[in-house]
Structures are given as structure tokens and as C-alpha cells.
Amino acid sequence: MLKFNGLMKIDPNLILENEAVLLRAIQPSDLEYLLPFSINEPEIWKYSLVRANGKENLENYIRIALEGKLNLTELPFIVFDKIKQEYAGSTRFYDINFTFKTLQLGYTWYGNKFQGTGLNKNCKYLLLEYAFETLGMERVEFRADNANERSKAAMLSIGCKVDGVLRSNMPTFESEVRRDSIVLSILKKEWFEEVKPNLKTKLESY
């Protein structure tokens, strides 16, 4: 962890890894690793406001992620599956607030072959461990379209608790319909007392 003008910030070249997965800060050159998903699996971004389907959209997606990194409010990662020896997708820290000791964890997506494999739990374990035990965060928040049942199930399976639903919270992509956003979170105490040991047990079977 570094400091910038006296304030804490996350190492922009941070790497998190275990036996199953490696997460490293995303770079412009990672376009080539993520492009096959963008071209062949556009449905991944069905519930996303910022889409990455198609090369142009993916370039924009990475540009926005890197701008957030430059502004010290986000840290986007590319995800590498060490078991399959393939790049699998992306995730990020965002809305990082060291004063309040909070951040959000999201913009998470994986290619179809990596979904439901245990990869996500490995990623979340590493990210949550870093957030609570290195950054000293008190709360990590997650949000999703309330209609996205797969995403909600994934968050609940790692130990998130539902805080509530924000009605008509955001627009949806190229539509007049606004989405309801479900808000979930994990608190520091919950991480140490229940989420971490439960997640660790699940990782042992991956």
C-alpha cells in the first residue's frame, strides 16, 4: 500500500494470487486477452450499463477502467485462471473511500467456461482478504441489477448480506426502463468471524 499526498492509496501494480487464480492490474495491452469474450460471448454484459461486447465497446470499457485507476478511485484487474492457464475475465475495486473505510467490489464478469467453476470464490477471497486485512476497510459493498439472479446467487454464496433494494436506481442500456439495484455487503467483523472461514473451506474443494 502506498501514499499519495499523504493519503493512502492502493498499489497501482498490485498482484493478488493463490494456487488457482492470479489478479493483476489491467493494462491497455490486455485488450487482446479479453477480445475473444467480447466478440464471441456478448451476452455476458446483458445487465451492464457499460458494455464490452465488440472491440470498440471493449476499448471504451478498458479506457474507463484505466481512468478510474488514474483518479485513484478504482483498481481494475484482469483475471487469469491458473488451473486452466487462460485469461478468464475482469473485476475491480471502485468507489474507494479511505476516509470512510469503504469500497465497492464489482464490474465482475467471466467467460462462460469459467462460470460456476469456483474461480469467482477464489477471486473474491483474495480481494476481500486484501480489502479487510491490508487496506483496513470496515465495509465492502456489492451491487447488481435486481433482475440478475445469477449475480445475486454468486454474491450470496460467498457470504454477502442483503442491505436492501434501491428502486429505479439506474438506467438500463439503450432502454427507457430503469433498473432496481440490489445492495449487499460484508462487514469487517463478518469477514473474520464467518465469511473468511466459510469461503476458505469452499476453496479447498475447487
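Is leucine 70 buried or exposed? Leucine 70 is exposed, because its relative accessible area is 69%, where exposed means over 50%, buried under 20% and partly exposed in between, with a 1.4 Å probe and protein chains only.

Good morning, colleagues. The model before you is predicted, so local features are reported only at pLDDT of at least 70 and side-chain atom pairs only at pLDDT 80 or more, while totals for chains, interfaces and linings use all residues. Residues are numbered from 1 along each chain as its sequence is written, and side-chain values use heavy atoms, with hydrogens and water left out.

Let me stay with leucine 70. This residue lies in helix α2, residues 55-70; helices (H or I, at least four residues) and strands (E, at least two) are DSSP runs numbered from the N terminus. The C-alpha atom of leucine 70 is separated by 8.6 Å from that of proline 12, although the two are 58 residues apart along the chain.

Helix α2 also meets helix α1, residues 31-40. Their axes come within 10 Å and cross at roughly 130°; axes are lines fitted to C-alpha atoms, for helices over the stretch in contact, and angles run from 0 to 180 degrees between N-to-C directions. The pair is therefore oblique, the class left over when angles under 35 degrees count as roughly parallel, over 145 as roughly antiparallel and 65 to 115 as roughly perpendicular. On the α1 side, the contact (heavy atoms within 4.5 Å) is made by Leu31, Leu34, Leu35 and Ser38. Lys55, Leu58, Glu59 and Ile62 make it on the α2 side. By class, this contact has five nonpolar, one polar and two charged residues. Here Ala, Val, Leu, Ile, Met, Phe, Trp, Tyr, Cys and Pro count as nonpolar, Asp, Glu, Lys and Arg as charged, and the others, Gly among them, as polar.

Helix α3 (residues 119-133) and helix α4 (residues 149-158) have axes that come within 11 Å and cross at roughly 55°. These helices, too, are therefore oblique to each other. Asn120, Lys121, Lys124 and Leu128 of α3 are in contact with Ala154, Ser157 and Ile158 of α4. That contact has three nonpolar, two polar and two charged residues.

Which residues of α4 are buried? They are Lys152, Met155 and Ile158. Seen down the axis of α4, the buried residues fall within an arc of 135°, so they line one face of the helix; the arc is that of the directions from the helix axis to the C-beta atoms. An α-helix has 3.6 residues a turn, so residues three or four places apart point the same way. The buried residues of α4 pack against α3, β8 (139-145), β10 (178-187) and α5 (188-203). On the other side of α4, Glu149 and Arg150 are exposed.

Lysine 152 is buried because its relative accessible area is 13%. Leaving aside neighbours within four places in sequence, lysine 152 is in contact with Asn146 and Ile182. Just after α4, glycine 159 takes a positive phi of about 115°.

Finally, two loop residues. Most residues other than glycine have a negative phi. Leucine 72, in the loop between α2 and β5 (75-81), has a positive phi near 65°. Lysine 101, in the loop between β6 (86-97) and β7 (102-110), has a positive phi near 60°. Leucine 72 is partly exposed, with a relative accessible area of 32%, and lysine 101 is partly exposed at 40%.
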